[in-house]
Amino acid sequence: MIVPRVEGTLQLVQEPGGRLRAAGARPRGIERLLLGRSPLEAVYLSQQASAHSGVSHALAAVRAWEDAGKLPVAPNGVLLRELLHLLSFLHGHVQHFYFQTLPDYLPLSAWVPPLDENGPAARIASGIVTSAAKIWEPPPFQSRFDEGARRRFAERTVEAVRTLSSLQRMMSVIGGKFPVVMSIAPGGITMALDEAGVLRLLEYLQHLEPFLTEAVLDDGLSLIDRYPETLTLGKGGANFISLGSTPADETGEAGLFPTSVLLGRRLQGLTLPITESIGRAYYRVPRGGGGHGPIVEEALGKPGAYSWIKAPRVGGSAVETGAIGRLVITQLAGIHGRASGMAALVQEQLGVPLEESNTVAGRIVARLGELDLIFRRCREILEKLAPGEPFLDNSADPSGLSGEGVGQIESPSGAVRHHMVVEDGRIGYYDIIAASTWNGSSQDENEVNGPLDTALGQRAWDLQDGDDRLDLSRIVHAFAFSATDAVH
Amino acid sequence: MPLTRREVLKWVGVTAAAGPLLPAMERIAHAIAERPGAAPIVWYNAGGDHNNFLAQLGHAFPSLMESAAIRWNLVSYDPLVPGVREPSPDSFSSAPIVILESLPPSGADAADGGEPIATVIGRAKAAIFLGTDACYGGTRWTAAEVESAEALCRRSNVPMIKLPGVPVPPHHLIGTLGYLEFRGIPDLDRFQRPQLYYGETVCMRCERRWQLENGEYAESFGDAGCLLRLGCKGPIAHNSCAAQRWNGGENWCVGAGGPCTACSEPGYPLHGGLGLYGRLAEGGPGPGSSTLNRIRAIGWGFVALAAAGVGLKLAHEAIDPIGQAAKASGRDRRGSSSVQGPT
């Protein structure tokens with residue numbers, strides 16, 4: 001079965017006995033493409049792995065380079081990067097909910113246009129639904145929402161489109177354009193943002209506040225209310241990873257997201273080795289290869305392989321990542337009180353301890369609940385930015401650099417890690433682990449299953465049954481899964 | 001009140017000259033939507049990323065998505081995705097316009113008895129290749145796969161229009177659809193790009209052009225000045241970005257300090273060996289026009305190969321970017337991947 005409404009192609013393959021596993025599809029091959037190129041090309045080209053995680057990849061790439069050369073970053077640039085990064089989260093979460101999650105619960109045929117039935121708003125709602133949802137329409141099914149709720153969702157989707165437009169403009173102010181931002185370079189951000197630019201961004205943000213901080217979560221909660229089976233559907237494993245947002249600033253204040261793993265109910269720093277198994281994936285290490293890790297060749301037809309998605313592991317354990325991972329780790333670490341309101345909400349809604357809340361409902365609520373937190377931090381950053389100060393520190397010249405570096409950061413769907421070796425300014429080795437790689441991970445040679453496979457492994461599935469297919473779609477989408485990201 | 005054909009063309013011209021103005025976009029989109037017998041549109045994206053989709057979704061109101069009203073029958077399908085309604089001969093009253101964001105697989109059968117995309121293309125009024133990957137291979141397809149898709153169009157006399165970019169500036173698509181609906185095939189350059197949107201180089205309209213002419217170059221990222229020495233490919237990049245900017249005109253790559261990577265050129269991303277950030281030329285002190293003349297002298301769209309700041313020494317001679325770069329794209333893009341069939 002191919003899951004609709006996923007960036008790229010996510011194929012699910014079925015074992016005898018009915019168990020399903022995520023198999024992904026053939027990669028573009030970005031890591032191989034980067035060999036021999038300048039690290040700056042990694043900042044640019046890795047954004048083609050996924051439109052939704054693009055900014056996060058660019059930041060991970062530049063940070064891997066900065067790590068390799070111990071390059072300085074302007075403090076103002078750190079802040080502006082964080083703002084650009086967080087705006088991409090607001091965009092990603094809103095886009096994902098209305099265009100990829102919601103259609104699993106509210107089919108096209110059940111849409112009710114806003115009240116001015118012949119006016120522009122109605123045509124727009126019809127148009128959006130007709131065009132965007134048609135791209136990914138499941139077979140018709142009965143929705144549980146009443147007419148009022150369906151009308152409200154239509155209105156909210158129209159507003160979501162306008163919100164996405166504004167968020168893209170904001171990202172363009174900082175990044176030059178969106179998608180595929182152009183202003184990330186070693187040392188900071190190349191955009192010389194002035195006072196007028198800051199005010200412009202504040203103005204945009206102000207208009208978006210009611211929608212982003214209240215309406216979207218409201219929609220998510222009403223969805224779960226109508227579909228309470230999502231509280232237990234798609235339960236994942238017990239391990240999580242989060243790879244942070246930005247480095248702590250000079251005051252020592254930590255970034256918005258933690259950098260940590262939760263293994264066997266214990267929080268740990270990232271001292272355990274991170275590996276990527278290709279035991280059951282369509283890859284092999286070429287003759288003479290190895291060294292830092294596999295730059296692999298495709299090996300379609302390899303015995304025992306079923307997936308295009310590699311199997312990243314922390315100390316041998318599979319880990320789930322995403323908004324739920326960030327929330328669980330933040331709370332258990334007691335890192336800061338900002339998220340405690342959200343954690344309380346999740347626990348209240350779900351009725352289970354936080355670390356057991358990684359179900360479809362938990363993942364959705366965690367993602368939408370995070371919007372308010374992120375929004376407030378964006379406003380904070382705009383107030384802290386100093387437009388007169390430089391946004392980029394170019395005192396170091398990285399052009400002939402040799403070294404090894406790791407850049408890690410959260411993306412809307414979870415942890416991203418870039419590992420680079422640079423030799424005389426050219427990339428000698430590059431490995432990307434994207435959020436959907438962690439989540440969509442294939443089984444490794446020790447028979448440890450990845451998070452999505454675990455969630456799918458709840459029971460056997462009948463792929464001819466419409467309800468089963470809907471549930472599968474709901475499980476996959478709760479991870480905000482991107483197939484192109486998973487295999488890159 | 002419905003626009004006349006002439007008015008629509010005027011607005012298409014406006015978008016080409018002055019950018020993605022809201023009124024222009026809106027008028028074109030609604031005019032197409034309200035036109036009886038407008039060509040249905042099929043948007044084919046099989047397994048690709050969402051860069052073009054997000055660009056369209058977030059485009060100035062009304063975007064293609066918003067105005068792609070019921071008339072347009074906008075369907076994106078992948079023969080491998082069950083449950084999505086497949087276009088079939090009965091569902092089109094007239095020849096469709098096919099937007100190819102992915103290249104059609106050879107010999108694919110449609111799922112559920114629907115119509116394979118190759119057959120739909122064969123009946124199309126026009127095929128629009130969307131994004132550099134589909135147009136010229138980019139980072140996703142080989143030169144052979146591009147040639148195969150082109151052959152498919154030629155076989156059935158289906159006009160091809162290429163809209164490259166990573167992603168494509170969203171107003172290029174809506175303007176081209178408007179032109180197709182109300183006039184026909186726009187004037188195309190040698191790479192099948194509409195002159196309307198790709199007729200000028202980025203350098204021609206760049207706000208930093210005066211600094212190139214004065215020989216003021218940024219030496220490091222974040223510096224003011226022309227970005228030629230940071231690898232800017234503006235002189236060879238044909239696109240509307242400098243004139244029309246991005247995201248409702250908010251900003252654009254060079255405006256944000258990011259050198260142009262010529263993402264709309266057939267040579268992307270290898271650019272004959274220079275890569276995205278290898279320098280076209282060193283520039284020099286004093287009037288910069290001699291720099292541009294040197295680049296231009298080697299030929300329109302050609303890459304000036306000099307000892308660029310990336311450690312490569314390449315011959316200083318005219319090369320054909322189509323043949324050379326496309327072959328390089330095809331050969332190098334997938335590295336030494338050896339895909340083995342089932343044993």
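Author: A residue is buried if its relative accessible area is under 20%, exposed if over 50%, and partly exposed in between (1.4 Å probe, protein chains only). This is a predicted model, in which local features need pLDDT of at least 70, side-chain atom pairs count only at pLDDT 80 or more, and totals for chains, interfaces and linings use all residues. Residues are numbered from 1 along each chain as its sequence is written, chains are lettered from A and ligands numbered from 1 in the order written, and side-chain values use heavy atoms, without hydrogens and water.

Reader: Is Glu447(A) buried or exposed?

Author: Glu447(A) has a relative accessible area of 61%, so it counts as exposed. Its place is the loop between α11 (435-440) and α12 (451-456) of chain A. Helices (H or I, at least four residues) and strands (E, at least two) are DSSP runs, numbered from the N terminus.

Reader: What is the phi of Glu447(A)?

Author: Most residues other than glycine have a negative phi. Glu447(A) has a positive one, near 65°. Ala480(A), also not a glycine, has a positive phi of about 50°. Ala480(A) sits in the loop between α13 (466-478) and α14 (483-487) of chain A and, at 11% relative accessibility, is buried.

Reader: Which peptide bonds are cis?

Author: Most peptide bonds are trans. Cis ones include the bond from Phe178(A) to Pro179(A), with omega near 0°, and the bond joining Tyr268(B) and Pro269(B), with omega about -5°. Pro179(A) is in the loop between α6 and β4 (184-185) of chain A; Pro269(B) is in the loop between α12 (241-244) and α13 (289-297) of chain B.

Reader: In what sense do β1(A) and β2 of chain A pair?

Author: Two strands pair if DSSP finds at least two bridges between them. β1(A) and β2 (residues 10-14) pair in the antiparallel sense over two bridges, and Ile2(A) has Gln11(A) as its bridge partner. In chain B, β1(B) and β2 (residues 97-100) pair in the parallel sense over four bridges; there, Tyr44(B) has Leu100(B) as its partner.

Reader: Which way do the residues of β1 of chain B point?

Author: From β1 (residues 41-44), Ile41(B) and Trp43(B) point one way and Val42(B) and Tyr44(B) the other, and all are buried.

Reader: What is Arg313(A) in contact with?

Author: Contact means heavy atoms within 4.5 Å. Leaving aside neighbours within four places in sequence, the contacts of Arg313(A) include Pro273(A), Trp438(A), Asp444(A) and Val448(A). Arg313(A) lies in strand β12 (residues 311-314) of chain A and is buried, at 2% relative accessibility.
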